[in-house]
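Student: I have a structure open and I'd like to learn how to read it. Could we go through some of its features together?

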Amino acid sequence: VPEPTHPRLLPTLPGDAYTDPAWFAAEQSAIFARRFVLVGRSDEIGAPGDFITAGVAAESVIVVRRADGEAVGFLNVCRHRGARMLLEPSGSCGKVIRCPYHSWTYSLDGTLQGAPNLRDWALGEERQELALQRVAVHEEHGFLWVRIAGERSFADDIGRQLDVRLGDASMLAAWGIDRLRTGRRIVYDVAANWKLIVENFMECYHCTTIHPELVGVIPAFRNGLGSQSFGTGYGSELGPQTEGFTVDGRPGLPTIPTVPDEDTRRYYGMTLTPSALLSLVGDHVIAHRIEPIAVDRSRVVCDWLFEPETLASSRDIGPTVELFDRVNRQDFDACERCQLGAASRAFAHGGVLVPAEHNLNAFYDEVRDALAATTRPEETSR
Ligand code: FES
Ligand SMILES: [Fe+2]
């Protein structure tokens, strides 16, 4: 396949990037282990002892709420014989994390607290040496983020991306996302590489073809340019006939009171790499997190977040949820279609980006740069 020669076409990543398990493994350690990865909502661990588990960079991670209110994270691996300790996606572990195999217990700061039937072994220094391995946890906007290795700060990672997308990350405060509550969570099993899902979210060239309901409420999307195509600070306007960001444009829910008037009829989509997608509209927020499972498989957890008062009222969130649930299914079908083609010899050198998709090139650069950086010897250890 010849290199594209038309100056207005840019190359995509090659087919291998979507099909080679070695690419996938390299991305997990070069990108997912070193970046802040969205793992859930703060209110999922509201009370002391509440935990969630999540897959991050081929590890299982525990995030637990301590009695002092802090959320802390550990690799979900017992230091005795390596058993995975917590198998449930969420629950409460009380005051200690107990391994079900031989009942070693760890306090919520990770130190080994007890090991049964050890008549001839008094726990000494081992308490620290055999502590659970900590991971960095950051809580902001009511989201829980985890970084399992490296030094990058949250501000330099997600914060910087919010600044670039919104012009001013503080703009997000108007949505009061930490106050919003999950009205619906839908988990999608997608037979596609995680990058295809990110790429698809970054462009709207496909919107007219596959999203009849979405272009129904935002007719501007028919020109192939999404809110991310226009750069910093841009939000796409709902159509003049659109009453709400709902499946058929009927009125949605009461506006989030702190959202400025000029933003109540706009849609802001943003990609917070590597794996979080955020959508802001006047009356709700949608948060996606992509969990790569294998080179050709991803799990996507999508949360629809609303004002607590809206959820407590008898208002029907159904038509609101249905819009993006349809969009998700349409998108993921398209991603699965690309996955099917990615292994073909016709895609060995990849495809092309048209101008409306040129913003994807920055994402390709980010992936390429991260992988290139890990070939340096000091970067290879986790
Ligand atoms: S493996 Fe956890 S207590 Fe033995
Ligand atoms: Fe889409």
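Student: How are the donor residues of the iron ion (ligand 2) spaced in sequence?
Tutor: The pattern is H-x4-H-x119-D. Keep in mind that we're looking at a predicted model. The atoms that coordinate the iron ion (ligand 2) are H206 (NE2), H211 (NE2), D331 (OD) and D331 (OD), at 2.0 to 2.8 Å.

Student: And what is the site of the iron ion (ligand 2) like, going by the angles among its four donor atoms?
Tutor: Those angles run from 51 to 142 degrees, and the site is irregular. Water is not among the atoms, so a site like this may look incomplete.

Student: Let's move on to helices. How do I describe two that pack together?
Tutor: You give the angle between their axes and the distance between the axes. The crossing of α5 past α9 is right-handed.

Student: Which residues make that contact between α5 and α9?
Tutor: On the α5 side you'll find L196, I197, N200 and F201, and on the α9 side F324, D331, F332, C335, C338 and Q339. Sorted by class, the contact of α5 with α9 has seven nonpolar, two polar and one charged residues.

Student: How do α5 and α10 cross?
Tutor: Their axes come within 9 Å and cross at roughly 150 degrees. Angles over 145 count as roughly antiparallel, so α5 and α10 get that label. Here too you'd call the crossing right-handed, with α5 passing α10. From α5 the contact takes W194, K195, V198, E199 and M202; from α10 it takes L360, F363, Y364 and V367. In classes, that's seven nonpolar, no polar and two charged residues for α5 with α10.

Student: At what angle do α2 and α10 pack?
Tutor: Helix α2 (residues 21-32) packs on helix α10 (residues 360-373) at about 85 degrees, and the axes are 9 Å apart. That makes the two, α2 and α10, roughly perpendicular. Look for W23, A26, E27, A30 and I31 in α2, which meet V367, A370 and L371 in α10. The contact of α2 with α10 divides into seven nonpolar, no polar and one charged residues. Spot V367 there: that residue is also in the contact of α5 with α10.

Student: Which two residues does the cis peptide bond join?
Tutor: T273 and P274, with omega at about 10 degrees. P274 sits in the loop between β14 (266-272) and β15 (276-280).

Student: One last thing. Which residues does E88 touch, leaving out those up to four places away in sequence?
Tutor: E88 touches F51 and T53. E88 and F51 are 37 residues apart along the chain, and their C-alpha atoms are separated by 9.3 Å. To find E88, go to the loop between β5 (71-75) and β6 (90-92).

Terms used
Residues are numbered from 1 along each chain as its sequence is written. Chains are lettered from A and ligands numbered from 1 in the order in which they are written. This is a predicted model: local features need pLDDT of at least 70, side-chain atom pairs count only at pLDDT 80 or more; totals for chains, interfaces and linings use all residues. Side-chain values use heavy atoms; hydrogens and water are left out. A crossing is left-handed if the near helix is turned anticlockwise from the far one by less than a right angle, and right-handed if clockwise. Helices (H or I, at least four residues) and strands (E, at least two) are DSSP runs, numbered from the N terminus. Contact means heavy atoms within 4.5 Å. Ala, Val, Leu, Ile, Met, Phe, Trp, Tyr, Cys and Pro count as nonpolar, Asp, Glu, Lys and Arg as charged, and the others, Gly among them, as polar. Donors are N, O and S atoms within 2.8 Å of the metal (3.2 Å for Na, K and Ca); water is not among the atoms, so sites may look incomplete. Four donors count as tetrahedral if all angles lie between 85 and 135 degrees; four count as square planar and six as octahedral if opposite donors are over 155 degrees apart and all others between 65 and 115; anything else is irregular. Axes are lines fitted to C-alpha atoms, for helices over the stretch in contact, and angles run from 0 to 180 degrees between N-to-C directions. Angles under 35 degrees count as roughly parallel, over 145 as roughly antiparallel, 65 to 115 as roughly perpendicular and the rest as oblique.
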